[in-house]
Amino acid sequence: MRDYASLRNNPTRVLKNIVASKPWLLAIINAIYSNPGLTLEKLREVTGLVMGVLRRGVWWLTKYGVVEIKNNKVFVRAEYIKAVEELKYNYYCNMKNTHIVLLDKVYVVLIIRDGHLKYWSLPVEYYEKLTNYERTLGRILSESEVAHALGVSAGTAKKLIELKKLLEACKTSISPAE
């Protein structure tokens, strides 16, 4: 486990580090921030997560000091509200059960399916190269063409194409963090 105590004076950095190390917590942080004061059962309904995943996520967030539980209701701690807002509004795309966040120079994609969380990440550099190649060629590249052009595996090429589709569907301009 990383030591976040040295970063306590910078809640934004702490939150970014937590999400970078445990991206699946992003959906839970978002739900708690957007629905303050809900019980775990109500949060389960809101997120669509199975209770075990939700409890574990709240446990981690409580351990890191991001959330607190008062009278069986979960809240984002006051010192983290601005950090969550920055993460949510500056680097965030939320479409139903899919979340995309840009952390420094990496896109993190989080998908909630059947009560469980699936996540993966890709460097911004890959996305930028793909869009440049497609713009130059004037057409959309296939998975095998992406893999060959970028020198990545077929699995990475498939995720990159999925990321491109998700960002287009998001209709949000997400630019690399400075």
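## The largest nonpolar core

In this predicted model, the largest nonpolar core holds 36 residues, and those that touch the most other members are Trp24, Leu25, Ile28, Ile32, Leu61, Val66 and Leu117. At least two residues of this core come from each of the following elements: the helices H1 (11-21), H2 (25-34), H4 (51-63) and H5 (78-90), together with the strands E2 (73-76), E4 (98-103) and E5 (106-113). Helix H2 gives the largest share of the core, with 8 residues. As a general background to such a grouping, nonpolar side chains in soluble globular proteins tend to be buried together.

## Val66 and its contacts

Val66 is one of the core residues that touch the most other members, and its contacts can be listed one by one. When residues up to four places away in sequence are left out, Val66 touches Leu15, Ile18, Leu61, Phe75, Val76, Arg77 and Tyr80.

## Another core

## The disulfide

The structure contains 1 disulfide, formed by Cys93 and Cys170, whose sulfur atoms are 1.5 Å apart in the model. Because Cys93 belongs to strand E3 (residues 92-95) and Cys170 to helix H8 (residues 154-170), the pair ties together parts that are 77 residues apart in sequence.

Are these two cysteines, Cys93 and Cys170, buried or exposed? Both Cys93 and Cys170 are buried. The torsion about the S-S bond of Cys93 and Cys170 is about 130 degrees, and the disulfide is therefore right-handed.

Conventions
Residues numbered from 1 in each chain as written. Predicted model: local features only at pLDDT ≥ 70, side-chain atom pairs only at ≥ 80, totals over all residues. Heavy atoms only, no water. Core = buried A, V, L, I, M, F, W, Y, C linked by side-chain atoms within 4.5 Å. Buried < 20%, exposed > 50% of the residue type's maximum accessible area, 1.4 Å probe, protein only. Helix = DSSP H or I, 4+ residues; strand = E, 2+ residues; numbered from the N terminus. Contact = heavy atoms within 4.5 Å. Disulfide = S-S within 2.5 Å.
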